[in-house]
Amino acid sequence: MSILVNKDTRVVVQGITGKAGAFHALQCLEYGTQIVAGVTPGKGGQTFEGKVPVFNTVVDAVKETGANVSVIFVPPGFAGDSILEAIDAAIPLVICITEGIPVRDMAEVKRRLDNKDCRTRLIGPNCPGIITPGECKIGIMPGYIHKPGRVGVVSRSGTLTYEAVWQLTERGHGQSTCIGIGGDPINGTSQLDAVRMFNEDPDTDAIIMIGEIGGNAEELAAAYVKEHVKKPVAGFIAGASAPPGRRMGHAGAIVSGGKGTAEAKIAAIEEAGISMAANPSDIADALLRIYKG
Amino acid sequence: MVDSSGKPLDAPELLFHKKPSNPPIDMNIHEYQAKALFSEYGIPVSAGYPATSLEEVDAALKQLPEGAVVVKSQIHAGGRGKGTFKDGFKGGVKLAKTADEAREYAKAMLDNTLVTHQTGPEGRKVQTLYLTEACSIAHEYYLAVVLDRETAGAVIIASREGGVDIETVAEESPEKIVRVVVSPALGLRPHQVRQVAFALGFEGAAFKSFSRLLQGLYQMFWDKHAMLAEINPLITTEEGDVLALDAKVGFDDNAMFLHPELQVLRDLNEEDPKEIEASKYNLSYIALDGNIACLVNGAGLAMATMDIIKDFGGEPANFLDVGGGATEEQVTAAFQIILTDPKVKGILVNIFGGIMQCDIIARGVINAARNVQLSVPLVVRLEGTNVKEGKRILEESGVSLIAADSLADAAKKIVDAVKAAS
C-alpha cells in the first residue's frame, strides 16, 4: 500500500541524542516505526530509550542492525556531511529533516547523488519526512491526522501537507504514502520523482501534488502527468499573493525575474489536466471532484 | 549556446534573475565592501574610498589621484545611475571632473533618498558614498558567478555586452552570453577559464589578466559561500588593464555562521526594522501592504494563508513563519512585531502542529495578548499535535478571541471581523 517505506522498513536516526532527534525518534517509535539504531559520534555504546542502540558511525549502525533508511536530525552546519555519510554507507533512502543547510553543501551533496555509483535516494532537506499511514512514520508530521488508504501526497511544504492530509482523512479518504520533499532550492527527490513513483505504485489510485512559487519543479511534474499519468491528480500552488523578489521563508520560494510565479505553475497544472484547488481549504475536494475512491 | 558539457541550453535567462532586492535569506553587502573583498582575491579594482560625511569625502578626495572622480551612492539596490533622489536631483552615480564638483555631488547625495527601479517608490536613504578614480573605458563586459538551483552548481555567466541590463541581453540576444557550469567537486578548471576568456575576445596580456581575475572571482565566490558575485561592467581600459568597475555580492545566509568577517558587513540601515527584530528571534517575517496580519507555522502554509485571506477579499499585512521549533518567547515576539505595524486591523493565527505543538502556540498567544494592548480582532485556528490542550488553554485564558475550525473558516472570520470593525 505504499512507496519507499512500509512496516518492514528499518530506520537509523542520525542525531538521535539531540533535542529534536530524540523527541521525534520517540514519536516515530510510538507510531510503530521500526527505529533500529541511532547515530551520534562519540556516544556509541549508549542506548536510546532503553531499546535503541546508539553507534558512532552510520556504517556501524547498518552493519549491526541492517538499517535500510536513515533520517537526519543533525544541526545545519553538519547535516550535509551526515547525508554524505549515509550515502557512503550505501543506505538506499535518506530523509533529511534539517532546515538551514548551506546551499554550497547541498550543491556538493546533489553532485554526489547524481554519480552513477550512487544508489541512494534523498528526500529533503528542510522537509517533514515521509509516512505510510498505519505502517511507518519517518519524520516530524503528526501521525494521527493520517489514515491508511490509496491517495499519494507529495508537497514542498510541511504544514500545508498536513492541511491536505487532514482534509482527506476527514472526508474518509486515506493515504498510500505522503512525502514532503522540502522547501530548499537544491533538494534530493523532486515533485516529478514522487509523482512518477506514485504513478507506478499499484496501491496508489490518485495523487495530490502541492507546490509553491520558485523554481520549475511543478512545471516539470505537470508535463510528466500530461504525458504519462492516467490516475486522477489534484494540485495546489502556494504563494499567489507573494510579492516578487522576496523569499517567502523557504529558501526556494522566490519569484525572480518573472520566473517561478504561481500563475505560470497554475497554468502548467491546468494545461496537464490536473484538478486545481481554488484555495488551501479546497485541496482534498479538488481531488474528490475527479476521484470517487 | 551550449553549457560546458556540450548540452544545448534553452533557458539561460533563468540564471540572471538571482538579484533579489533585499531578501531575508541572502545577505547583501555594499559595492565598496565587495571591492575590498575583490582586492583580497587579487581582482583589480580602481582606487576608491568610502565616505559617510563631507569630512570623509574631503579625506577621500585627498587620497585619490588628481583628475576626474566618480561619486557613487551605496545602497543595496541596482539601477543607481539612472535613479532620482526624492528632492529631484538626478543620478545616484555621478562623474565629477574636479574635486569641487565631486564635493557638490556628495553634498547633494549624502542623507538624501534615492529611488531606483529596484528600491520601490519609498527609495533608500544614502548614508555612504564611494569615491573612485575615473577610468578610461575601452570596452565594457559582463561577468558573474551565480549558484544555480537547476544544475546544483556554480555557473559562470559572461558577455561582451556589459554595462547594460544583462536580463535585456539575455532576452534579445542570448547568443551573446556564454555560460559555463562549474562542478562543486572539481572547481573552476583552466579550460573553463579559457573558454570564457576566448568567448569574450581577450588576447595577449589582457587574456592573462582576465584569467587571473576570473579565478579570483570564483575562489571568492566559493570560499565566502556567495550566491551571486557580479561585475557589471568589467572593463578594459585604454591602457589595456582589466578591472572591475562595479561589484555586487550576495551571500547564503545559511552559511553566515561560518563567516564572522562577513557578518560585520551587514548594514542594518538597508533592512526593515521589523524584519531585523524578527531575525533576532529566528522568525521569518516580511512586511506587506495589507491590514490583516498572519502568524503561521511553516512557509508553505504561511503563503497559503496569505493567499486565502486575499481569496476572501482581505489583504495580508505580512508573511510570518514562526518555524518548526518555535518557543513561547518566539511566539510572543512574533505577536509584538506584528502589532508594531499601525496598518494591522486584525490578526489571524493559523497553526497546524507538527514539530510545533499547539499548546506552546496557545500559551504564546495568550501571553502576547496579555502583554500588548490587543485592540484588534484575533482569530485563532489550531490543528495538530496537542490540539486539545491548546484549545483548552485558549478557552480558559479569558482572552477575547474568535476560534475557527478550518483555514477557510478562519480566513472568512478574520476578513468579516476586520470589515465589521472598520
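Predicted model: local features only at pLDDT ≥ 70, side-chain atom pairs only at ≥ 80, totals over all residues.
Local features need pLDDT of at least 70 and side-chain atom pairs pLDDT 80 or more, while totals for chains, interfaces and linings use all residues. Residues are numbered from 1 along each chain as its sequence is written, chains are lettered from A and ligands numbered from 1 in the order in which they are written, and side-chain values use heavy atoms, leaving out hydrogens and water.

**Exercise 1. Find how A:Tyr162 and B:Phe352 are arranged, and where they lie.**

Step 1: Start with the rule: rings of Phe, Tyr and Trp (its six-membered ring) pair if their centres lie within 6.5 Å, and planes under 30 degrees apart count as stacked, over 60 as edge-to-face and the rest as tilted.
Step 2: The structure holds 10 aromatic pairs over all chains. In the pair of A:Tyr162 and B:Phe352, the centres are 5.8 Å apart and the planes make 55 degrees, a tilted pair.
Step 3: A:Tyr162 sits in helix α5 (residues 158–170) of chain A and B:Phe352 in strand β18 (residues 346–353) of chain B, so this pair joins two chains. Helices (H or I, at least four residues) and strands (E, at least two) are DSSP runs, numbered from the N terminus.
Step 4: Both A:Tyr162 and B:Phe352 are buried. Buried means under 20% relative accessible area, exposed over 50%, partly exposed in between (1.4 Å probe, protein chains only).

**Exercise 2. Work out why B:Tyr218 and B:Trp222 count as stacked.**

Step 1: Their ring centres are 6.2 Å apart and the planes lie at 10 degrees, so the pair is stacked.
Step 2: Both belong to helix α6 (residues 204–223) of chain B; being 4 residues apart, B:Tyr218 and B:Trp222 are separated by about one helical turn.
Step 3: B:Tyr218 has 4% relative accessibility and counts as buried; B:Trp222, at 12%, counts as buried too.

**Exercise 3. Describe the surroundings of B:Phe89.**

Step 1: B:Phe89 forms one aromatic cluster with B:Phe85 and B:Tyr105.
Step 2: B:Lys94 lies over the face of B:Phe89, 5.3 Å from the ring centre. For such a charge, NZ of Lys or CZ of Arg must be within 6 Å of the ring centre and within 35 degrees of the ring normal.

**Exercise 4. Sketch the overall build of chain A.**

Step 1: Count the elements: chain A has 9 helices and 14 strands.
Step 2: Along the principal axes, its C-alpha atoms fill a box of roughly 55 × 40 × 35 Å.
Step 3: Of the 293 residues in chain A, 65% are buried.
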